Structures are given as structure tokens and as C-alpha cells.
Amino acid sequence: TQLGAGTSGYFLKTQGAGANPVWAVPTDTSGALVRVGGGIATGQNLSSISFDPFTTTYSDYLVTWGINMTADGSQVRLRTRDASGDNTSSNYAYGWNGVNQGGTNTDIVGASTDHIQLSGGTTSNDAYFSVTGSWYFYSPANASRITTFNGFTLENDDGYGIAARSGGGNYQIAEAVVGFTFYGSTQNIEQYNIQVYGLKDS
């Protein structure tokens, strides 16, 4: 039996002994990443940049990001968001274990703060991002759980070139978190590349 040309994206599926193969729709997407939000911009002068991509469609999310500031010396910070906007209460905790290119410890820690600090004082060289990172957010849209995250960052620092850090943190209020805001401690955001992906469970 000659099998006709299949539809684009289908795969050839066997049906066991004595049965002819057929074209079938792929159904196994377990573990797949699905882009749900984000953006890219240059030449900006933004006090903050916010995205609200978190819903109950996915339990967990991956966020990749790169941010450059308008001038040297600013920390990059983050807050979570609920349906009313940024969460500014002092209910964040975080810990980043880091080292610079010379082997010096560059840890950043905080408790009962109104933000997550992601970097020390950064550069604003347009040839590279001030800070890049990749994080996993766990159950942000689940109203009965606190939002936790972990991952790593790479900072281009004023004093010693680079600082690489890994760690995590949380927002210690059980509520539905819909997104996040990046902002600088003393300078505005000049350029960014922020991408958000939902993690499919099945």
C-alpha cells in the first residue's frame, strides 16, 4: 500500500503488526517551553519595565533577561506584581552567592526588603547588557502559595569586570502573582531583552 503525502508537521505512526502506518498529529509535548510574553527595546529611558505573563495555564515559568542602564553605578532590582500593580511591601527575601573574575566573593543577600536586588553597581556600556539572567518562577499564579524563584545572573560591574551569581528568593505573601517589574536603584533602563516561557507539564 502506498501512503500519500502527509500534512506538514505530522509524523509517520506505526499501528502494530499487520496494520498499515498512518500520518498522525504529534501529541507528546511534555516538558515543552511555550513563549507567553516579553519584549526587546533599545534607546529607552524607562524608570521601570513591567510584564504580566503569569496565569494558571502553567504552574512554572522560565524568564530570561538582559538589561542595560542609562548610566553607571545603578543596581538592577525586581518586584513581583499582583492584579493591583507592583508589590512594594517589605516581604521579599533573597540570597545570591557569587564570585568575580578575580575570585573575590560578591554575595548579595536581603530579608524583609521591598524588592529583590539583582546586582551591585553596574556599567552602562552599550556593547553589552549591564546584567543578564535566567530564572525559574514556581507557582506564581497560585493564590494559595508564595512565589519562589531561583536561577543565575551575570553582572558587568563597575569595579571588577564581571560577577557571576546563583541563588534565589521569594515574595512571602500567598497570593496570585501575575508578573514582575525591573527597575534601577538610581538610573533608568536604556535597553532590555526579556523573554517569558511557560513550562508544559503534560
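User: In this predicted model, does arginine 81 count as buried or exposed?

Analyst: Arginine 81 counts as buried, because its relative accessibility is 15% and the cut-off for buried is under 20%.

User: Which salt bridge joins arginine 81 and aspartate 52, and where do the two residues lie?

Analyst: Side chains of opposite charge can pair when their charged atoms come close. Here the side chains of arginine 81 and aspartate 52 meet at 2.7 Å, N to O. Arginine 81 is in strand β6 and aspartate 52 in the loop between β4 and β5, so the pair links distant parts of the chain, 29 residues apart. Aspartate 52 is partly exposed, at 45% relative accessible area.

User: Which residues are linked with Arg81 in a network of salt bridges?

Analyst: Asp52 and Asp86 are linked with Arg81 in the network. The salt bridge between arginine 81 and aspartate 86 is 2.7 Å, N to O. Aspartate 86 counts as partly exposed, at 31% relative accessibility.

User: How many salt bridges does a search of the whole structure find?

Analyst: Four are found. One of them joins arginine 79 to aspartate 114, with the closest N and O atoms 3.2 Å apart. Arginine 79 lies in strand β6 and aspartate 114 in the loop between β9 (108-113) and β10 (116-117), so this pair ties together parts 35 residues apart in sequence. Arginine 79 is buried, at 16%, whereas aspartate 114 is partly exposed, at 28%.

User: Which residues form a nonpolar patch on the surface?

Analyst: Tyr10, Leu12, Trp23 and Val25 form the patch, with about 370 Å² of accessible area together. Valine 25 is in the loop between β2 (22-24) and β3 (33-41).

Definitions and conventions: Residues are numbered from 1 along each chain as its sequence is written. This is a predicted model: local features need pLDDT of at least 70, side-chain atom pairs count only at pLDDT 80 or more; totals for chains, interfaces and linings use all residues. Side-chain values use heavy atoms; hydrogens and water are left out. Patches are made of residues with over 30% relative accessible area and no salt bridge: like charges are joined within 9 Å, nonpolar side chains (Val, Leu, Ile, Met, Phe, Trp, Tyr) within 5 Å. Accessible areas come from the Shrake-Rupley method with a 1.4 Å probe; for residues, only the protein chains shown count as cover. Helices (H or I, at least four residues) and strands (E, at least two) are DSSP runs, numbered from the N terminus. Buried means under 20% relative accessible area, exposed over 50%, partly exposed in between (1.4 Å probe, protein chains only).
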